[in-house]
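This report covers side-chain contacts and a metal site in one protein model. The sequence and structure come first, and the contacts follow.

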Amino acid sequence: MRHLAPYQSGLWLAEYGDIRCQLCRIYRSIPQSQLVPTHPSPSPPNNYSFFTKLRQQVNNRSNSGLLCSHCHHSIAWLPKPFEVDIAIGTSLSIQAATYYDYPIRQAIRAFKHHEDMTKLPLLLHILRQLPRPHGCHQDNSVIVAMPTTDQRLVKRGFNPVSILAAQLSKHWHIPLWQGVERIDDTISQQGLTRAERLGNLNNAFALIENPPVKRLLLFDDVATTGSSLQALGHALSGEYTDLSVINSKNSNPYHLSAYALAHGSQS
Ligand SMILES: [Zn+2]
């Protein structure tokens with residue numbers, strides 16, 4: 001018998017679990033396609049007939065609803081993207097799906113630090129709110145998940161960001177690329193000032209191979225000041241690569257944009 005990785009139970013819950021909302025556990029969940037972000041909840045979430053709902057669930061497993069309309073609309077989606085400088089004259093735009101507040105904060109922390117896989121369906125719902133970038137497809141783009149160090153992987157036993165990035169890849173139909181490694185075990189970013197964070201992350205990333213495409217979609221779970229994504233973007237900006245072909249043509253050979261589940265305030 002094949003053993004499932006622990007996170008697969010969370011994915012199983014997301015796809016085949018009950019059709020209750022993953023947040024309130026009271027109302028029935030609504031398929032993503034019926035959640036129009038620009039309109040506030042127009043009707044009570046339990047207006048759908050049971051059989052209509054069930055049919056939708058069966059027909060559309062891969063995009064089944066995970067939250068009810070009420071809970072979905074109670075969350076502030078898609079904060080304005082913020083920018084960080086990654087090279088001279090080049091900035092990186094970071095789009096988060098929502099803010100790092102209750103109940104998202106608790107769900108992310110439970111998933112990351114306590115391997116609480118029952119939170120994975122909620123995190124997948126959040127992930128699915130990220131707008132797929134225009135013009136990006138599997139031939140011209142890759143997703144670059146924030147790498148972790150071997151030490152952290154051993155300590156934690158799993159890599160939460162890679163699990164989420166794999167689901168984003170599946171959702172957007174854009175492949176993952178793992179050509180960057182985290183080369184030092186920098187101290188935790190928590191509690192550091194912005195300047196300390198950047199210094200801490202300096203030289204933390206190294207390219208192991210050239211990106212196969214021009215458009216790189218960076219992904220992390222939480223972006224607070226954006227310093228981790230900034231350092232990753234900096235490593236990928238071409239400024240420090242020794243790729244003479246690329247450098248001779250253009251100092252910014254790649255088009256980078258960044259995505260996160262949540263944008264946290266620094267507190
Ligand atoms: Zn709900």
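In this predicted model, the count of aromatic pairs comes to two. Phe-111 and Phe-158 form an edge-to-face pair, with 5.6 Å from centre to centre and 90° between the planes. Phe-111 belongs to helix H4 (residues 104-114), while Phe-158 sits in the loop between helix H6 (150-156) and helix H7 (160-172), so the pair ties together parts that are 47 residues apart in sequence. Phe-111 has a relative accessible area of 1% and is buried. Phe-158, at 11% relative accessibility, also counts as buried.

Trp-172 and Tyr-259 have ring centres 5.1 Å apart and planes at 80°; because planes over 60 degrees apart count as edge-to-face, this pair is edge-to-face. Trp-172 is in helix H7 and Tyr-259 in strand S7 (residues 255-263), which links distant parts of the chain, 87 residues apart. Both Trp-172 and Tyr-259 are buried.

The zinc ion has four cysteine donors through their SG atoms: Cys-21, Cys-24, Cys-68 and Cys-71, lying 2.3 to 2.4 Å from the ion. Their spacing in sequence is C-x2-C-x43-C-x2-C. The angles among the four donor atoms run from 104 to 115°, and the site is tetrahedral. For four tetrahedral donors, the ideal angle at a metal is 109.5 degrees. Cys-21 lies in the loop between helix H1 (6-16) and helix H2 (50-59), and Cys-71 in helix H3 (residues 69-74); this pair links distant parts of the chain, 50 residues apart. Both Cys-21 and Cys-71 are buried.

| Asp-221 | Lys-112 | 2.9 Å |

Asp-221 counts as buried at 3% relative accessibility. Lys-112 counts as buried at 19% relative accessibility, because the cut-off for buried is under 20%.

Note on methods: Residues numbered from 1 in each chain as written. Predicted model: local features only at pLDDT ≥ 70, side-chain atom pairs only at ≥ 80, totals over all residues. Heavy atoms only, no water. Phe/Tyr/Trp six-rings, centres within 6.5 Å; stacked < 30°, edge-to-face > 60°. Helix = DSSP H or I, 4+ residues; strand = E, 2+ residues; numbered from the N terminus. Buried < 20%, exposed > 50% of the residue type's maximum accessible area, 1.4 Å probe, protein only. Donors = N, O, S within 2.8 Å, 3.2 Å for Na, K, Ca; no water. Tetrahedral: all angles 85-135°; square planar, octahedral: opposite > 155°, others 65-115°. Salt bridge = Lys/Arg side-chain N within 4 Å of Asp/Glu carboxyl O.
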